[in-house]
Amino acid sequence: MIKEILAKADYSTLSVEEIAILLSAEGEDKALLFETAAHYKQQTVGSKVFLRGLIEYSNKCAKDCYYCGVRSSSTAYQRYTVSDEEVLEAVEYAYKHNFSSLVIQSGERHTVAFTNQVTRLLEKITRITNGEMGITLSMGEQKKEVYAAWRKAGATRYLLRIESSNRALFRKIHPDNKLHDFQTRVDALRLLKECDYQVGTGVMIGLPFQDIEILAADIDFMRKIDIDMCGMGPYIEHEDTPLYQYKHLLLPLQERLELSLKMVAVLRLVMKTINIAATTAMQTIDSNGREKAIRIGANVVMPNLTPLNYRENYYLYNNKVGVVDDVKRGLDSLTENIEATGSFIAYGEKGDAKHYRDRKNKDKH
Ligand code: 5AD
């Protein structure tokens, strides 16, 4: 059955049932899936890996998500916002090292003071890098005017994970109130498109109450929304969060990683020209997790450039890696490991998603 599916000429139209079959592959079937996806990746996005310097800008957050270590009701961490000077230092590091793109991520906040502060920061970044940096934001749900202002100030990409595209599961992992509303999140993805961002979403993999059918529907959701980028990775429990009580329902960590790799492989087959990130959570489970993802479909990595003194407070889940890493040392080993997968880092390229360009061209015609 798996062989037949993988022998198809066009993977973009795989049915949800076929996607679920691929996600259930084990043993030889799984090896075949990974081989096929690795080969397909070479033919479609090639062997380039794009670097995005990640700045975890602030852990202050209005939301209280049941899985997240820095949810608003947690008192375990000191709340911080990186100063503009420190952000610009990290940006300069990235610029000097030819990264050509950045991700600025923070907790979700809606005050005008916060959103204006981000606008001003974006203007500064654009100025000091002569507009040569691709800037991705990941700052949650915002009003259309805010998305538009940030776009105008220089951000061109936005990541907003749906976390789970299954309404019932989304409800279980978030408080039941207006601030955590499934439809608002879906609408936000549409607003981002209307503001002409390259739009990314993603899900957590291995959540309690999640099954293969739900994950297959997640991939279908990404296809229907017609995303340009995806960042997804294993769910890793954090003991100070409400979801921790379901720890006994979880797959072993290694299996969550394997399932995440299958998700990357299948998404690559279904959406051949999007950018897919090899995420930190994968590396947290297996020091080689990101490289495994790159081999079978991912083409983006996001080395952490957050100033070291803040990192211990951006603790989304247990044992999050990179909290004490030296940037330079981390980069050297990353480069080496990526080259060992037969890929190479595309220094100096912004690395826009080919999917976005194709989408724009289609609109024109
Ligand atoms: N395990 C894995 N990923 C998590 N995130 C938050 N908490 C966890 C966790 N416990 C992810 C969410 C969010 C991103 C910033 O971090 O998917 O979108």
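Is phenylalanine 182 buried or exposed? At 9% relative accessibility, phenylalanine 182 counts as buried, because the cut-off is under 20%. Keep that residue in mind.

A word of caution before we go on. This is a predicted model.

Let's start with the sheet. Ten strands form an open sheet, and the pairing is parallel. The order is E2-E3-E4-E5-E6-E8-E10-E11-E1-E12. Now look at the edges. Strand E2, residues 53-58, stands at one of them, and strand E12, residues 344-345, at the other. Each has a single partner strand, so one side of each is left without a neighbour in the sheet.

Strand E3, residues 101-106, runs parallel to E4, and five bridges join the two. Across that pairing, isoleucine 104 stands opposite leucine 137.

Next, strands E5 and E6. E5 covers residues 157-159 and E6 covers residues 198-201. They pair in the parallel sense over three bridges. Arginine 157 stands opposite glutamine 198 in E6. What lies across E5 and E6? Helix H8, residues 182-194, running at about 160° to E6. Helix H12, residues 289-296, packs on the sheet too. H12 touches strands E1, E10 and E11, and its direction makes about 155° with that of E10.

One more helix, H2, residues 16-23. Its buried residues are Glu18, Ile19, Ala20, Leu22 and Leu23. They pack against helices H1, H3, H9 and H10.

Now the aromatic rings. How many aromatic pairs are there? The count comes to nine. Take tyrosine 147 and tyrosine 197. This pair is edge-to-face, at 6.4 Å centre to centre, with 75° between the planes. The pair links distant parts of the chain, 50 residues apart. Tyrosine 147 is in helix H6, and tyrosine 197 is in the loop between H8 and E6. Tyrosine 147 and tyrosine 197 are buried. Ring pairs also bring in Tyr158, and they link Tyr147, Tyr158 and Tyr197 into a cluster.

Back to phenylalanine 182. Its ring pairs with that of phenylalanine 170. The centres are 5.3 Å apart and the planes are at 75°, so the pair is edge-to-face. Phenylalanine 170 lies in helix H7 and phenylalanine 182 in helix H8, so the pair ties together parts that are 12 residues apart in sequence. Phenylalanine 170 counts as buried as well, at 2% relative accessibility.

The charged end of lysine 172 sits over the ring of phenylalanine 209, 4.8 Å from its centre.

Cysteine 230 is in no disulfide either. For cysteine 230, the nearest cysteine sulfur is that of cysteine 65, 18 Å away. Cysteine 230 is buried, with a relative accessible area of 2%.

How values were computed. Residues are numbered from 1 along each chain as its sequence is written. This is a predicted model: local features need pLDDT of at least 70, side-chain atom pairs count only at pLDDT 80 or more; totals for chains, interfaces and linings use all residues. Side-chain values use heavy atoms; hydrogens and water are left out. Two strands pair if DSSP finds at least two bridges between them. Helices (H or I, at least four residues) and strands (E, at least two) are DSSP runs, numbered from the N terminus. Contact means heavy atoms within 4.5 Å. Axes are lines fitted to C-alpha atoms, for helices over the stretch in contact, and angles run from 0 to 180 degrees between N-to-C directions. Rings of Phe, Tyr and Trp (its six-membered ring) pair if their centres lie within 6.5 Å; planes under 30 degrees apart count as stacked, over 60 as edge-to-face and the rest as tilted. Buried means under 20% relative accessible area, exposed over 50%, partly exposed in between (1.4 Å probe, protein chains only). A charge sits over a ring if NZ of Lys or CZ of Arg is within 6 Å of the ring centre and within 35 degrees of the ring normal. A disulfide is a pair of cysteine sulfur atoms within 2.5 Å.
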